[in-house]
Amino acid sequence: MDIIVSDLSKSFGANCVLDRFNAIFPEHGMTCIMGPSGCGKTTLINILMGLISPDSGTVFGVPRLKSAVFQEDRLCEGFNAVSNVQFVCDKMVNRSRNILHLENIGLKDSLNQPVRELSGGMKRRVAIVRAIIPQSDILFLDEPFKALDDETKKVTMDYVKDNTKGRTVIMVTHDINEAKAMGGQLLTMSGKNNNDN
Amino acid sequence: MISTMLDKRRVEKAASIVFALIVWQMFATLLDKSLLLVTPIAVVQRLISLSHQADFLSTIAFSFVRIVFGYLLALAAGSVLAVIAGRFYLAEIMFLPFITAIKSVPVASFIILCLIWLSSQGLSVFISFLIVLPIVYTNMLQGIKSTDTKLLEMAELFRVGWFKKMKYIYLPELKPYLISACSVSIGLSWKAGIAAEVIGIPDGSIGEKLYEAKVYLSSGDLFAWTAVIIVVSIAFEKLFLYLLKWVFLRLERS
């Protein structure tokens, strides 16, 4: 089922971030949301995730099982990368499978370090694996590749593409090249009177 | 580098203790009245002779068991109440007058009240409990309130269960608050517990020994038993905090 957003409005005080915004996000497909800073990309994704409520408008068709890479890493800093991934997994999920995912994304030598000791790019990759592994029905990615150098970004993008085939993915990015590389539908937001493109 | 700095600190600490003992010895010698101020050497001698008495260890055990039991009880109760207050705002409001009363009523009033309610045997348990409870409650509640809401949001989105939330989010956030509460309250529990024993005079307690020292004007006994209290209190504090930190470390590595 596609996700349908109708006449969505949201203001923070006097600042109107979304004004009667409409969009359709296809099921089992990738949608990249692009736009300048402050145009409401993160607000939109937070509404879709259910973290904030809109002032008016409706969101229809968001599945129950969600996973996400937030704008911040939101990791449990005292725990290592494997534990952070295990944190969101059922007991049924195989620990060695999680380790394999972390190794595939270049974290082989940092598996047992508390994440507080990892670099910004490494933390970001842990957050990405944490979002990918659960068998969620929808995946939200809010600027997932920030803090990654070009080489790591390429490896990480390939990892995300390989592991999100056939899944509903909504990604926020500033970078047109990232959006092109990830493929799928492109949604450009320009300001408070946003319209889907 | 770090170990050298630690060694230096230990040497400095030891030097300050030696300095304090020298000042004490000098004053006691100048005063030359053992009834008012005994020398540290006399205290050590008295301590050695006390340690050979049959009831020395049982006296320490009597006070230790009761004060520590009251302390642990308060730690558990304070934590549970803080969790309830953190979860339900109404509970926080309802607990407020009780916690404020416990904080502001003088310990002596509670001791007298306890002597009316309870036997003197259980007095130090109750007083130690009352002193520690508001400290643990206040610190833990502050810790719960300062828990990272973004992490909780993340856990909600991933539909993480309460046990994992407790282990991965709440306990690490509460760690500094809990350690701070424990470190502050252990010494206070001993001070208040012994004070209660001095007033209630339960048979076979350190408080009773201090009371006898006052009755017989025996400064040597007073100082010797005080030294025992300090050593036992510090030893318990160090051991307890070490165990607490070890538990948190194990938790993070599990």
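I started at the end of a helix: α1(A) is followed by Gly50(A), whose phi is positive, near 85°. Helices here are DSSP runs of H or I with at least four residues, strands are E runs of at least two, and both are numbered from the N terminus.

Ground rules, noted before going on. I am looking at a predicted model, where local features need pLDDT of at least 70, side-chain atom pairs count only at pLDDT 80 or more, and totals for chains, interfaces and linings use all residues. Residues are numbered from 1 along each chain as its sequence is written, chains are lettered from A and ligands numbered from 1 in the order in which they are written, and side-chain values use heavy atoms, with hydrogens and water left out.

**Helix α1(A)**
I went back along the helix that leads up to Gly50(A). α1 of chain A spans residues 41-49 and is mostly covered, with nine of its nine residues buried. Buried means under 20% relative accessible area, exposed means over 50%, and partly exposed is in between (1.4 Å probe, protein chains only). The buried set includes Lys41(A) and Asn46(A) as well as Leu44(A), Ile45(A) and Met49(A).

**Chain A overall**
I counted six helices and eight strands in chain A. From the N terminus their order is β-β-β-α-β-β-α-α-α-β-α-β-α-β. The radius of gyration is 17 Å, close to the 16 Å from the globule rule for 197 residues, so chain A is as compact as a globular protein of that length. That radius is taken over C-alpha atoms, and the rule is 2.2 Å times the number of residues to the power 0.38. Along the principal axes, the C-alpha atoms fill a box of roughly 45 × 35 × 30 Å.

I then checked burial and found that 52% of the 197 residues of chain A count as buried. Among contacts (heavy atoms within 4.5 Å) with a separation of 6 or more, 71% join residues 24 or more positions apart. Chain A exposes about 8,700 Å², and carbon and sulfur atoms supply 49% of that; the areas come from the Shrake-Rupley method with a 1.4 Å probe.

**Thr164(A)**
Next I looked up a loop residue: Thr164(A) sits between α5 (150-163) and β7 (168-173) of chain A. Buried or exposed? Thr164(A) counts as buried because its relative accessibility is 6%. Its side chain reaches the backbone oxygen of Val160(A) at 2.7 Å. Leaving aside neighbours within four places in sequence, Thr164(A) touches Met30(A), Ile132(A), Leu139(A) and Val169(A).

**Thr226(B)**
I put another threonine beside that one. Thr226(B) is in helix α10 (residues 219-253) of chain B, and at 31% relative accessibility it counts as partly exposed. The side chain of Thr226(B) reaches the backbone oxygen of Leu222(B) at 2.5 Å. I also took a C-alpha to C-alpha distance: Thr226(B) and Arg87(B) are 42 Å apart in space and 139 residues apart in sequence.

Most residues other than glycine have a negative phi, so I noted the exceptions I came across. His28(A) has a positive phi of about 60°. His28(A) lies in the loop between β2 (15-25) and β3 (30-34) of chain A, and counts as exposed because its relative accessibility is 53%.

In chain B, Ile201(B) has a phi near 45°. Its loop runs between α8 (162-200) and α9 (206-215). At 29% relative accessibility, Ile201(B) counts as partly exposed.

Definitions and conventions: A polar contact is a pair of N or O atoms within 3.5 Å; within protein, one must be able to donate a hydrogen and the other to accept it, and residues adjacent in sequence count only if both atoms are side-chain atoms.
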